[in-house]
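These are my notebook entries on one structure. I record below what I looked up, entry by entry.

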Amino acid sequence: ALIHLERAHVTGYELTADPIVFNGSFHLHFYPRLAQRMARIRPHVIHIDEEPYNLATFHAMWLAKRCGARALFYTWQNLNRRYPFPFNWMERYNLRHADYGIAGSREAVTVWRGKGYAGPMAVIPQFGVDPELFKPSRRPESGEKGFAIGCGAARLVEEKGVDLLLRATAGLPGVWRVYVLGAGPERRALENLAHELGMADRVVFDPPIPSTQVPAYLSGLDVVVLPSRTRPHWKEQFGRALVEAMACGVPVIGSTCGEIPHVVGEAGLIFPEGDVDALRAALLRLQRDDGLRRDLAMRGRARVLAHYTQKQIATETVAVYRQMMQ
């Protein structure tokens, strides 16, 4: 699908969209105009927001070394995977020449240490939120929809566990509704599951919306759930929807998959991944306990302000740049 660049925040820097060779290929894409960009800008630091085994990273790293710039890679990879030639060769080159590494999670640091990267690393998830945009607002009256449950899986794929949420809510008492925001190959299967469970009239599938509209969408929810589950080649790397919901004062429930428990901390409820009964119990707690919802709403907002604002992420990232130039 074609993704258009959102130019909502453009003050203070130059934002450029360049063509991509092999666009859509995660491992093989690269930016053909990058050499010209570097020659014009003459950067001191190159921040390569790509995994070390990708061609784009190798290309940028090689150009950085050629022009005398310091370079860092950014990684979300939290599984120790082995790659064939030429990707393993590019990975070794990048790990050998990188001046710094930034990881989105602690598990990612462990992966790259295990692969031999001995340089400095920092854990700085690159998903900060604007606390003035993502902030608590008065919820509309629940009316007929009752307890409003949002799903934090923007990609409707099997590993995001949306089917688990549907099975868990099928056993909830009272008046409730599930809102699934996003798109993906599992959409049709999830619609069929809702019909099979007899809850099709209680599940709303909303198409993706611009990021600037997300806070208003979240304001209509009582809880956001991210029920991700680990698969052989994937586990949750962060959980952006959780941070956005917490910033808006919406309580969150997450599974034990990957980085989710570290993101949520004590500011939400955690259930064992894949456990439908445990998820249903967590939803029931929030459905019945207004005080718990208020407490988690305050804790979530406070956690975001302490760790996940754009300002905090930027401050920590700039500190890395300064270390690189010492």
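I began with a definition: two strands pair if DSSP finds at least two bridges between them. Helices (H or I, at least four residues) and strands (E, at least two) are DSSP runs, numbered from the N terminus. The model is predicted, so that local features need pLDDT of at least 70 and side-chain atom pairs count only at pLDDT 80 or more, while totals for chains, interfaces and linings use all residues. Residues are numbered from 1 along each chain as its sequence is written, and side-chain values use heavy atoms, with hydrogens and water left out.

**Entry 1: the four-stranded sheet**

I looked up the strand order and found an open sheet of four strands, β1-β2-β3-β4, with parallel pairing. Its edge strands are β1 (45-48) and β4 (121-123), each of which pairs on one side only. From one strand to the next, the twist averages 20°; axes are lines fitted to C-alpha atoms, for helices over the stretch in contact, and angles run from 0 to 180 degrees between N-to-C directions.

I then followed the pairings of β3. Strand β2 (residues 70-75) and β3 are parallel and share four bridges, and Phe73 lies opposite Gly101 in β3. Strand β3 (residues 100-103) also runs parallel to β4, with three bridges between them. There, Ala103 stands opposite Val123 of β4.

A right-handed β-α-β unit is made by β2, helix α3 (residues 87-97) and β3. From β3 the chain crosses through helix α4 (residues 106-114) to β4, again as a right-handed β-α-β crossover. A crossover is right-handed if, with the strands pointing away from the viewer, the path from the first strand over the helix to the second runs clockwise.

Is β3 buried or exposed on its faces? Tyr100 and Ile102 on one side, and Gly101 and Ala103 on the other, are all buried. Buried means under 20% relative accessible area, exposed over 50%, and partly exposed in between (1.4 Å probe, protein chains only).

**Entry 2**

I turned to strand β8 (residues 223-226). Val223 and Val225 point one way, Val224 and Leu226 point the other way, and all are buried. In a regular strand the side chains alternate between the two faces of the sheet.

Strand β5 (residues 147-151) pairs with β8 in the parallel sense over three bridges, and Gly150 has Val224 as its bridge partner in β8. Strand β9 (residues 252-255) pairs with β8 in the parallel sense, also over three bridges. The partner of Val225 in β9 is Ile253.

**Entry 3: helix α8**

I noted that β8, helix α8 (residues 240-247) and β9 form a right-handed β-α-β unit. Six of the eight residues of α8 are buried, so that the helix is mostly covered. They are Leu242, Val243, Glu244, Ala245, Met246 and Ala247. What covers them includes α7 (214-218), β8, β9, α9 (260-264) and α11. Just after α8, Gly249 takes a positive phi of about 75°.

**Entry 4: two loop residues**

Lys235 is in the loop between β8 and α8. With a relative accessible area of 16%, Lys235 is buried. I listed its contacts (heavy atoms within 4.5 Å). Not counting residues up to four places away in sequence, Lys235 touches Asn78, Leu79, Glu107, Thr230, Cys257 and Gly258. Lys235 and Lys160 are 75 residues apart in sequence and 9.2 Å apart in space, C-alpha to C-alpha.

Asn54 is in the loop between β1 and α2 (55-66), and at 0% relative accessibility Asn54 counts as buried. Leaving aside neighbours within four places in sequence, Asn54 is in contact with Phe26, His27, Met90 and Asn94.

**Entry 5: helices α10 and α11**

At what angle do the axes of helix α10 and helix α11 cross? The axes of α10 (residues 276-288) and α11 (residues 290-307) cross at roughly 100° and come within 5 Å. The two helices are therefore roughly perpendicular to each other. Angles under 35 degrees count as roughly parallel, over 145 as roughly antiparallel, 65 to 115 as roughly perpendicular and the rest as oblique.

In this contact, Arg285, Leu286, Gln287 and Arg288 of α10 meet Asp290, Leu292, Arg293 and Leu296 of α11. I sorted these residues into three nonpolar, one polar and four charged. Ala, Val, Leu, Ile, Met, Phe, Trp, Tyr, Cys and Pro count as nonpolar, Asp, Glu, Lys and Arg as charged, and the others, Gly among them, as polar.
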